[in-house]
Amino acid sequence: MKQKSQLSLSRRKFVKTASIAAAGLSMALKTPLALAAAKVKMGFVYVGPRDDYGYNQAHFEGKAALAALDWVKAVDEENVPETIEVQKTMESMIQLDGAQVLFPTSFGYFDPHILKIAKRYPDTTFLHCGGLWDAEKHPKNVGSYFGYIDEPVYISGIVAGHMSKSKKLGFIAAIPIPQVLRNINNFTMAARSIDPSITTTVVFTGGWSDPVKEAEAANSLVDQGIDVLTCHVDSPKVVVETAEKRGIYSCGYHTNNAVLAPKGFLTGAEWSWATVYKNYAELIKNKQPIPNLVRGGLKDGIVKVSPYGAVVSDAAKADADKALASFMDGSMVVYKGPIKDNKGNTVIPKGKSYLQTDTWLESMDWLVEGVVG
Amino acid sequence: MLKTVEIWCLSLGALLLSMLLIAAFIFTTGNSPSEVFHSLYRGAFGSWFSWQNTLVRAAPLMLTALCTALPARVGLIVIGGEGAMVVGGLTAAITGIAIQDAPSFMVMSAMMIVGGGCAGLWILAVGALRHYRNVNETISSLLLNYIAIAVLNFLVVGVLKDPATLNNPSTYSIGEKNMITSIGDSSVHWGLVYGLVVCLAMWFVARRTTFGFAADVTGGNIRAARLVGLPVAKIVLLSCFLGGAAAGLAGVIEIAAIQGRANSSLNAGYGYAGILVAFLARHNPLAIIPYALLLGGIQASGGLLQRAHDLPDATVAVFQGIIFMMILSSEMLYGRIKFLQPKSMIS
């Protein structure tokens with residue numbers, strides 16, 4: 001009997017309850033939808049894990065900083081290879097999440113993947129990290145952004161030059177492409193500006209993410225008497241940790257690596273993508289045109305120097321701060337002749353200098369005097 | 001007939017059990033299993049867009065799976081699909097670049113013949129080492145993967161490099177006109193059809209030809225096969241060649257339908273995922289198709305799991321691992337469940 005009385009509902013009461021419920025439901029459904037529609041929706045794609053202490057984490061930290069803006073909805077996906085999978089990931093973000101702007105961050109995503117999808121979705125903006133966009137060749141809804149990370153690498157080189165006792169530095173690099181060579185050259189020239197007898201020994205591992213080879217290279221460099229180690233691979237974790245374990249100094253790359261080497265960490269070169277991503281979000285929110293090319297260095301806040309480690313001497317800090325200041329006021333010219341390569345040829349004659357933005361530097365295929373390997 | 005029933009029952013049972021385990025795993029991550037399963041479905045099969053996503057991911061897996069499945073029928077465990085795919089893609093790219101001004105039909109055919117042929121020989125070498133020198137085929141095929149990748153990287157940053165690809169070293173392009181197009185206005189390329197056709201053809205060869213039967217006999221008992229006078233060497237080598245050629249074709253399609261040029265992204269793990277598919281399908285070329293779709297679907301929805309539920313990318317690997325373990329463990333139940341057994345003919 002009790003059950004029946006519970007179930008018996010007068011028609012009026014039923015209509016009333018049902019309409020309230022329906023109204024409530026539609027409100028509940030509508031409000032977040034209406035709010036969501038006003039949000040700027042951004043999608044991020046990384047080629048490796050979000051927590052690699054390296055390239056991908058740097059982008060993830062930039063994306064995570066967007067959480068402070070409540071009018072932005074940012075989604076991301078990690079470990080997406082440079083195959084049709086990245087094309088599908090981009091399409092999925094557009095179709096299922098309604099992303100207005102995509103940041104596929106790996107270098108190899110650009111051609112053919114971004115170019116292909118951008119043609120299919122002309123209303124979506126595709127911004128690629130790497131600076132490859134060319135007004136003549138590429139669609140208008142594609143753009144590039146990149147930072148002159150060789151500037152903070154130069155600061156690392158100064159600190160390394162001061163702190164090294166054996167006068168032998170080590171650099172573990174992925175593959176010999178211009179960006180990598182430029183970092184090696186900046187690091188070496190900065191260190192040799194402190195002491196011209198310093199050399200940098202380079203090992204190329206042949207891949208962006210090859211932890212076993214990176215560890216082997218790090219150990220063999222330490223065995224050769226190197227006492228400061230840095231790298232340019234996707235994740236600096238293995239190199240910096242190995243350096244710490246072997247009791248030598250290290251300079252970080254991509255993100256702040258201080259936690260990986262509490263004793264021997266000197267400083268490092270970091271990306272500061274939060275600045276870049278927040279700027280893009282503002283532009284989209286205010287419906288302003290998005291520039292197709294964004295580039296910048298230390299003074300633009302796109303890259304930064306990691307805080308000095310506890311072991312760094314005052315003299316090193318003073319020289320590094322001096323160099324940093326001249327980067328900030330734009331007076332620093334790293335590639336000022338005469339500069340010789342490590343085979344003895346003069347690559348930049350006396351009196352000739354190349355500014356940071358010079359495109360000649362972007363096709364670099366030589367290593368500076370003092371680099372071994 | 002009952003044998004098929006047994007396969008169906010055990011496979012479905014294993015899949016069901018793995019779904020339960022996956023649900024338990026999702027529960028421990030603090031998510032609702034039903035919501036995650038719904039996302040899995042939405043990302044893999046929920047709409048035409050999701051289906052396309054699943055199909056393009058399944059396409060290469062069908063072909064690389066054959067590289068393990070076909071040699072497995074003659075009793076060899078070959079895990080060289082990755083290397084065969086790289087060899088196929090690389091040689092196809094070289095062919096395509098060399099004759100890119102020829103009619104595109106000819107370019108495509110030449111790429112397939114050269115790519116498939118070279119990759120076939122690559123795995124044939126594994127079979128030959130096994131048959132004539134008794135070298136363990138699993139180890140040699142695994143090591144050949146590294147050699148293939150090293151050769152690819154060497155050529156791509158060296159003699160074959162297009163100077164325009166400064167920071168992402170790649171070969172020259174095979175030319176836009178020589179690329180495989182999409183089916184209709186979908187984003188699924190014709191490579192999927194090649195995968196389906198090759199799987200069906202291999203199923204026919206394995207199940208309906210004397211060669212297929214001879215291969216099964218060789219795999220079942222190589223000494224018996226020798227005793228009845230089967231050309232064992234030929235059967236082993238041909239099975240390896242066909243498997244390698246299938247994986248090579250996956251590489252050709254990767255170049256011709258997606259990348260347009262060879263670079264390090266040719267080695268994207270399809271070969272290793274193919275091993276998984278082959279074992280799930282119990283080396284049956286026909287069963288490879290649904291399992292490739294299943295795996296493709298899981299991978300297709302992996303992105304949505306990350307975005308909608310904040311699950312890490314490794315979740316997909318956990319799902320795949322659970323399914324793999326369950327199917328493999330179900331192997332030991334074959335012949336042990338009474339009511340699934342055929343009535344004995346000699347009782």
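This is a short walk through one sheet of chain A and the helices that pack on it.

The model is predicted, so local features need pLDDT of at least 70, side-chain atom pairs count only at pLDDT 80 or more, and totals for chains, interfaces and linings use all residues. Residues are numbered from 1 along each chain as its sequence is written, while chains are lettered from A and ligands numbered from 1 in the order in which they are written.

The sheet is open, with six strands in the order E2-E1-E3-E4-E5-E11 of chain A, paired in parallel. Strands (E, at least two residues) and helices (H or I, at least four) are DSSP runs numbered from the N terminus, and two strands pair if DSSP finds at least two bridges between them. Strands E2 (72-77) and E11 (293-296) of chain A are at the edges; each has a single partner strand, so one side of each has no neighbour in the sheet.

Now helix H4 of chain A, residues 84-97. H4(A) packs on the sheet and touches E1 (40-45), E2 and E3 (101-104) of chain A; contact means C-beta atoms, placed from the backbone, within 7 Å. The direction of H4(A) makes about 160 degrees with that of E1(A). Axes are lines fitted to C-alpha atoms, for helices over the stretch in contact, and angles run from 0 to 180 degrees between N-to-C directions.

Next, strand E5 of chain A, residues 142-147. Four bridges join E5(A) to E11(A), with Gly147(A) partnered by Gly296(A).

Conventions: Two residues are in contact if their C-beta atoms, placed from the backbone, lie within 7 Å.
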